[in-house]
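New notebook page, new structure.

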Amino acid sequence: MLEVYDLYSGYGKIEVLHGVFLRVSHREIVCIIGPNGSGKSTLLKSIFGLIKPYRGKIQFMGLEISQKDPEEKVALGISYIPQGRNIFPSLSVLENLEMGATPLRDPLKMKKAIQEIFDHYPLLEKKKRLKAGSLSGGEKQILALARTSMIKPELILLDEPSLGLAPKVVDQIYREIDLINHQGVTFLIVEQNARKALRLAHRAYVLDLGVNRLEDTGEGLLQNEEVKRLYLGG
Ligand SMILES: Nc1ncnc2c1ncn2[C@@H]1O[C@H](COP(=O)(O)OP(=O)(O)OP(=O)(O)O)[C@@H](O)[C@H]1O
Ligand SMILES: [Mg+2]
């Protein structure tokens, strides 16, 4: 579904990615782990088109997309949830969902999609009139996931979904990711706190200093002594 080939990217003169390779198959959950500043967020931003790669290829369903804008990528079925959630804090929970549903166009379809979200997450319905900014960190992440998955994208690029959340809440977020994946959505997830992500991921990559160092199944990286020592905190 997604293939990144020898990708160079960064910010003006600051090159951050120095030749990254990765692939994500249909219905996979693929995880990228790596230390702070290794270029994980830069990689997702480059794939989504928020920054334009210097060179290299990005193919999505056979189409070369490395120089396309985010709007075009959304139209192709790619969604992106940035580090720090993708919600509008000053809008209500309901307004956030309505904005997420706008690509569905038909008001009836939008209403139905929002009702499905509320049926699945009664807590969001209870708080639908509250400002999204007043939700807890975990609730915000659930709202971001709900908002993104309601338009049924092909691929969700997800940056640090567990950042700043208590372990129990992280478990809940990962259960939701698993569920959305079972509905047919493919995930590319970036995580610094990697154990839970690796447990769920079908495959995973280690990104360090702007190049990918290792690639294995999630379980394989979890068992790898070097990975444990260098990237998983012993
Ligand atoms: N907007 C920017 N302008 C210039 N340099 C940037 C910008 N954003 C990030 N960088 C630099 O790019 C490098 C990689 O940053 P990036 O955010 O991709 O790392 P990361 O792996 O996501 O780290 P973290 O785990 O802390 O989120 C860092 O050295 C950072 O300082
Ligand atoms: Mg980051």
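Predicted model: local features only at pLDDT ≥ 70, side-chain atom pairs only at ≥ 80, totals over all residues.

I looked up the ligand's surroundings first: 13 residues surround ligand 1, and the closest are Tyr11, Asn36, Lys40, Ser41 and Thr42. Two elements give two or more residues to this shell, strand 2 (14-24) and helix 1 (40-48). Helix 1 gives the most, with three residues. I also sorted the shell around ligand 1 by class and got nine polar, three nonpolar and one charged.

Next entry, the domains. The protein chain is split into domain 1 (1-77 + 155-234) and domain 2 (88-152). I checked the spacing, and their C-alpha centres lie 25 Å apart. For the contact, I found 10 residues from domain 1 and seven residues from domain 2. On the side of domain 1 that touches domain 2, helix 7 (residues 167-182) has the largest share, with five residues. That side of domain 1 comes out as seven nonpolar, two polar and one charged.

Then I went for the core. The largest nonpolar core has 61 residues, and Cys31, Leu143, Leu157 and Phe187 have the most contacts inside it. Where does this core lie relative to the two domains? Domain 1 and domain 2 both give residues to it, so it lies between them.

Leaving out residues up to four places away in sequence, Cys31 touches Ile189, Glu191, Ala197, Leu198, Ala201, Ala204 and Gly218.

Technical notes: Residues numbered from 1 in each chain as written. Chains lettered and ligands numbered in written order. Near = placed C-beta within 6 Å. Helix = DSSP H or I, 4+ residues; strand = E, 2+ residues; numbered from the N terminus. Nonpolar A, V, L, I, M, F, W, Y, C, P; charged D, E, K, R; others polar. Core = buried A, V, L, I, M, F, W, Y, C linked by C-beta atoms within 7 Å. Buried ≥ 20, exposed ≤ 12 C-beta atoms within 10 Å, placed from the backbone. Domains from an automatic or database assignment. Contact = placed C-beta atoms within 7 Å.
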